[in-house]
Amino acid sequence: MRYKDLDFPKESVFLVTGGAGFIGSNLCEAILNMGYQVRCLDNLSTGKQENVDLFLEYPKYTFIKGDIRDLDTCKQACTDVDYVMHEAAWGSVPRSIEMPLYYEEVNIRGTLNMMEAARQSRVKKFVYASSSSVYGDHPVLPKVEGQEGNLLSPYALTKSVDEEYGKLYKRLYDLDTYGLRYFNVFGRRQDPDGAYAAVIPKFIKQLLNDGIPTINGDGKQSRDFTYIENVIEANLKACLASTEAAGEAYNIAYGGREYLIDIYYYLCDALGKKAEPNFGPERAGDIRHSNADIGKAKKMLGYNPEYNFAKGIIEAIEWYRENL
Ligand SMILES: NC(=O)c1ccc[n+]([C@@H]2O[C@H](COP(=O)([O-])OP(=O)(O)OC[C@H]3O[C@@H](n4cnc5c(N)ncnc54)[C@H](O)[C@@H]3O)[C@@H](O)[C@H]2O)c1
């Protein structure tokens, strides 16, 4: 079933943390368009005011500017909420290697605060963002839940600890938690700027501005690039999943495999540019290949992603052409 056809009780209230960011703002938009109430909690540290302004005219949208490191803020945000989608965190593997203490505070303590607040408010479901980085250096492909290797960055460690808390909150307090291990998400509103920008929006913007992108490493690394619509579907379906499926983490991807160098030339063609890329050093903490087995999410959450890479990238390019 397509996510737009999913049915929640009419007066449902959703809390989206990190709702001023890339994934969170797309979740807010999808839920508002389905007719439900959305509360967004964000401290605008990496998120953008313009991603809040987009929705201020919706009567069912409320914005709380606040920090998940503050338990009282989390409690206030969770009051009378039915479903939490917890996206607030600091992303980027290389940045976490530069500032591990900060990642611990936001990604671990912040998530624990949110789970605790959700438990006290007796929310129905607590769905939270994890990451494919929890697979660390485990060599097996595709990545399957339960086969994780040594972690390669503080970022990966924070997500792994979050999953442990997710399991524990189900076991100890019967809070229905669902960890979603996103694999390289892309799509509208993903930030193309800054030293830690994701590769797809960064390359699109550079090519549109006649710049020459730099590929870290030889470009032969591969990823399961996942279009934002699939991530929205996973979040909404997790909110409707059975209680037996709670306390677990799930791969959220398409199940495909794209090489960076191929994506580079695809984008050049699609944007009508002819430019050979620069090659830079590999990034510390990076995994060489990563693609997902999505069988568990299909079985337990009813996840059935509609967008393969080719379908998603066409929409994404279209959006950047119109909005950059
Ligand atoms: N984008 C991806 O490919 C990807 C992959 C794996 C996991 N994830 C996870 O998905 C989630 C969303 O990622 P995104 O790409 O939308 O990132 P993003 O940076 O666009 O959004 C994160 C949001 O969280 C907010 N935030 C950060 N610290 C906060 C705090 N202390 N209090 C309140 N709000 C705070 C930021 O202001 C921002 O709006 C994150 O948890 C991230 O780790 C993303």
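Gly 247 sits in the loop that runs between helix 8 (228–239) and strand 11 (248–252); helices (H or I, at least four residues) and strands (E, at least two) are DSSP runs, numbered from the N terminus. The model is a predicted one, so local features need pLDDT of at least 70 and side-chain atom pairs count only at pLDDT 80 or more, while totals for chains, interfaces and linings use all residues. Residues are numbered from 1 along each chain as its sequence is written, and side-chain values use heavy atoms, with hydrogens and water left out.

Setting aside residues up to four places away in sequence, Gly 247 touches Gly 166, Lys 167, Lys 170 and Thr 177, where contact means heavy atoms within 4.5 Å. Gly 302 lies 55 residues from Gly 247 along the chain, and their C-alpha atoms are separated by 16 Å.

Next come two arginines. Arg 95, in helix 4 (residues 93–98), is buried yet has no salt bridge, and the nearest side chain of opposite charge, Glu 98, is 7.2 Å away. A salt bridge takes a side-chain nitrogen of Lys or Arg within 4 Å of a carboxyl oxygen of Asp or Glu; for charge, Lys and Arg count as positive and Asp and Glu as negative, with His and the chain ends not counted. What the side chain of Arg 95 does reach is the backbone oxygen of Gly 91, at 3.1 Å. Beyond four places in sequence, Arg 95 is in contact with Thr 46, Trp 90, Tyr 103 and Tyr 196.

Arg 223, in strand 9 (residues 222–223), is also buried without a salt bridge, and Asp 286, the nearest side chain of opposite charge, is 4.1 Å away. The side chain of Arg 223 reaches the backbone oxygen of Ile 287 at 2.6 Å.

Asn 26 lies in helix 1 (residues 22–33) and counts as buried, at 0% relative accessibility. Its partners, again skipping residues up to four places away, are Arg 188, Arg 189, Ile 228 and Ile 232. With Arg 189 there is a side-chain to side-chain polar contact at 3.4 Å; the term covers a pair of N or O atoms within 3.5 Å, where within protein one must be able to donate a hydrogen and the other to accept it, and residues adjacent in sequence count only if both atoms are side-chain atoms. Val 231 is 205 residues from Asn 26 in sequence, yet 9.3 Å from it in space, C-alpha to C-alpha.

In helix 7 (residues 199–208), Ile 200, Pro 201, Phe 203, Ile 204 and Leu 207 are buried. Seen down the axis, these buried residues fall within an arc of 165 degrees, so they line one face of helix 7; the arc is that of the directions from the helix axis to the C-beta atoms. They pack against strand 7 (185–186), strand 8 (214–216), helix 9 (260–270) and helix 11 (309–323). Just after helix 7, Asp 210 takes a positive phi of about 60 degrees.

As for the ligand, a backbone N or O atom of Ile 23 lies 2.8 Å from one of its oxygen atoms. A polar side-chain atom of Asp 67 lies 2.8 Å from a ligand nitrogen.

Definitions and conventions:
Buried means under 20% relative accessible area, exposed over 50%, partly exposed in between (1.4 Å probe, protein chains only).
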